[in-house]
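I opened the model to look at one helix, the contact between the chains and the sheet that goes with it. My notes follow in the order I looked things up.

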Amino acid sequence: MYDSGKIIAGLIVFVLFVTFPFLSNMGKASAKPKPSIDTPVINQMQVKKCVESKEFMRSEHMQLLNNWRDSVVRNGDRIYVNKAGQSVTMSLQNTCMDCHSNKKKFCDECHNYMGVKPYCWTCHIAPKEKMPKENML
Amino acid sequence: MLDLSYRTEGEDAEGEHVMSMNRRQFLRLVGVSTVAGIGGTAVFSGLRNKGLEAVQTMPDPRALTAKRWGFVVDISKLQTDEDYQKCIDACHDIHNVPDMSSLPAELQKRQEVKWIWKDTFEHTFPTAPEDEYQNSELKEKNFFLFCNHCAEPACVRVCPTKATFKRKDGIVMQDMHRCIGCRFCMAACPFAARSFNWRDPRPFIKPGKENKEFPTRMIGVVEKCTFCYERLAKGMKPACVEASNGAIVFGDLEDPNSEVRKIIATKYTIRRKPELGTQPGIYYVIGGGEHA
C-alpha cells in the first residue's frame, strides 16, 4: 500500500474529528429537565390540575395548542370543553400563562433541553419575570 | 394469501429461469399492496391519535354575533383633533400597535403601522365628485379610515397562504401564524388599510403600556384592523366605537333592524371606492349634523 502512513494518519484524524462531539461530552450527562409548577396561582390551587391530564399535556400540548390556535383564529370558537367536561377559554397568553407564569422554569426548561424553539413569544407576550428582556427572544 | 410464485414459464437465451411476471400477476400484486398500504396507515394513525377528537370547542356564549359586521361613521360628531386621537389611541393601545414616531421623518411615513387613521375628504373619496363650492366641512374635516371589511375582499383573493380570510361574520381576519409577509394583500387592498412590519414592533410599543392580554406582531407580517374580533367574542364593543362618542356606530349590515341599517336607510351615506366592486362594509354619513 502506497502512502499508508499518510492514509492511516489521515483516517485517525478524520475519525477523531467526527467523533469529537461525542468524545468531548462523554460522561457529562446534562441535567434532566425539571419543569417547575411553583407559581403563585398554581400554589393556591387545591387540586393541581391542568386543562387535561398531566400525561396528556406532556405528550400532546403542542397538538393541543395548534388546535386551540386554529379554533380561535380560524373558526372564532374560544371555549374548549375538556375531557372532564369543563369549559376553558383557549388562550396561550391568558389561560396557559396565567397559571404557568414561570415561562423560563416551565416552558424553556424542556424546550432548551430538547433543542426546540417554538416561536410563540415573538408575538405573544410572556409573563413578566425577573429578567423580562430575555423573554423577548 | 398472496401468490408470489410468479417465477414463470419463460427462459432466456442460456436456458436459465428469469424473474418475470405476466400482466395479471402484476396487477394483482399492485392491487393487494395498495389495499394493504392504505389499510395499514389507517390502522397505524388510528392507534397513534389518542383522542383529541373526544373534546370539542364552541363559541363564547357572551359573544356578539352578526351575519356581516359593519361600521357607520359620522364625522359631524367629531369636533377636535383630540376626539379623533382618542379613538386612534384606544385602538392602538389595546392592540399593541407600534408607534413609529421615534423614527426619522422619511422612514416614519413609510414604516408606519396603523389600524385606524384619519385623512381628508379628497384622499378618502378620491373618485367622489367634488367642486369648489362644496360644503367646506366636507373639504376640511378629516375622515376616519380603517379596514373596510369588504364583502369581496381583494386581499383575501390574492393571499397565497390564506393568512387573510373572511370570517362567517364578515370580518376580514389576519392570521399572523400564517402570514409570510409577501405583501400581496397590501398591493391588492385599494384602501391602504394594511401595514407591514418592516422591523420588530416590540421596541416601538411604549414600555409598560402594552396590553398583556393581546399579542404583539413580529417583524415581517402584515397587520390591520380586525374589527376587534377579540372584544366582540367577549361581548364588548369595538374599541374605537367605545371611544368615539357616537361618531362610529357598529352593527349587522344584514339585519334590517340594526342600528347601522337604520342610519343607512335614513341618511345619505357613501362608501370608499364603491366602483371597484369590493363592497366595503364602512359607510360614511355625509352632512350628518342634527339627524345621525
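This is a predicted model: local features need pLDDT of at least 70, side-chain atom pairs count only at pLDDT 80 or more; totals for chains, interfaces and linings use all residues.

Entry 1, the helix. I followed the axis of H1(A) and found a bend of about 50° at Val18(A). A proline, Pro21(A), follows within four residues of that bend.

I then checked the length. Helix H1 of chain A covers residues 4-24, which is 21 residues. At 1.5 Å a residue the helix should span 30 Å, and I get 28 Å between its end C-alpha atoms, so the two agree.

Is H1(A) buried or in the open? I counted the buried residues among its 21 and got 0, so H1(A) lies largely in the open.

Which strand of chain A pairs with E1(B)? I find strand E1 of chain A, residues 79-81. The two strands run antiparallel and share 3 bridges. I looked up one bridge by residue: Tyr80(A) has Thr57(B) in E1(B) as its partner.

I next traced the whole sheet. It is open, has 3 strands and runs in the order E2(A)-E1(A)-E1(B), with antiparallel pairing. Strand E2 (87-89) of chain A and E1 of chain B are the edge strands, and each pairs on one side only. Neighbouring strands are turned by 30° against each other on average, direction ignored. As a reminder to myself, strands of a sheet pair through backbone hydrogen bonds.

I count 10 helices and 11 strands in chain B. Of its 292 residues, 32% count as buried. I also checked how far apart in sequence its contacts reach. Among contacts in chain B between residues at least 6 apart, 65% join residues at least 24 apart.

Technical notes
Residues are numbered from 1 along each chain as its sequence is written. Chains are lettered from A and ligands numbered from 1 in the order in which they are written. The expected span of a helix is 1.5 Å times one less than its number of residues. The bend at a residue is the angle between axes fitted to the seven residues ending there and the seven starting there. A residue is buried if 20 or more other C-beta atoms lie within 10 Å of its own, exposed if 12 or fewer, and partly exposed in between; C-beta atoms are placed from the backbone. Two strands pair if DSSP finds at least two bridges between them. Axes are lines fitted to C-alpha atoms, for helices over the stretch in contact, and angles run from 0 to 180 degrees between N-to-C directions. Two residues are in contact if their C-beta atoms, placed from the backbone, lie within 7 Å.
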